[in-house]
Amino acid sequence: MDPRFVQLSESLQQHPGRQLNLPGLELRDSAVMAPFVGRGEDPRLLFTLRPAHFRRHAGQVSFPGGVRDPDDATTLHTALRELHEELGVPERAVEVLGMLDEIPTTSEFRVVPYVGLLDPAVELQPDAGEIAEVLEIPVSDLLVPGLRRTEKRVYRGAERDVYFYDVGRHTIWGATARILSNLLAVISGLPAWAEASSA
């Protein structure tokens, strides 16, 4: 395995994502997979673009994921099932590296984000009913200093930061941007990634 992913996996295992503790707030479980694919020297993160006609999250850039089904034994099962349903990636083609901090959404979901490494030989088969486009974004493009911008929004009477990443013709924001920010913070602290980006 690429030393960068070995180091990322070790870091995620040593510092597992924090669980949410929001007393009095009932949140529905959901999960996403932040999938890397190691094609060439510059690893890429896969995102999906939701169709414009969707009632919820129309036209948004997301990680593959969704609501936990009653048949899902764990949220990891949810993330892997959704990755398969949305992009046709079988579980055997994913190496799960770890998980990031759980985050709440304004629609009252608890999102459990997992990080995975896809077999580079896997053929993506996007579900046309759920996915308008698959985006492969080089990690180096996401680590550009100053790329992330922040806006203040008020939710439930409290001010909170909302992150935005403008990449090409797309903007990543909302829960996906928060998960991405967490992942990039982990990556930026790992020597193997810093060495590769400066090479």
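Here's a short walk through some salt bridges in this structure.

Before you start clicking, keep in mind that this is a predicted model, where local features need pLDDT of at least 70, side-chain atom pairs count only at pLDDT 80 or more, and totals for chains, interfaces and linings use all residues. Residues are numbered from 1 along each chain as its sequence is written, and side-chain values use heavy atoms, with hydrogens and water left out.

Searching the whole structure turns up 15 salt bridges (a side-chain nitrogen of Lys or Arg within 4 Å of a carboxyl oxygen of Asp or Glu).

**Stop one.** Select arginine 81 and aspartate 72. Their side chains form a salt bridge, 2.9 Å from N to O. Both arginine 81 and aspartate 72 are buried (under 20% relative accessible area; exposed is over 50% and partly exposed is in between, with a 1.4 Å probe and protein chains only).

**Stop two.** Next, pick glutamate 102 and arginine 110. This pair makes a salt bridge too, with the closest N and O atoms 3.2 Å apart. How do the partners sit, buried or exposed? Glutamate 102 has 10% relative accessibility, so it counts as buried, while arginine 110 has 22% and therefore counts as partly exposed.

**Stop three.** Finish with lysine 152 and aspartate 161, whose side chains meet in a salt bridge at 2.6 Å, N to O. Color by accessibility here if you like. Lysine 152 is exposed because its relative accessible area is 53%; aspartate 161, at 26% relative accessibility, counts as partly exposed.
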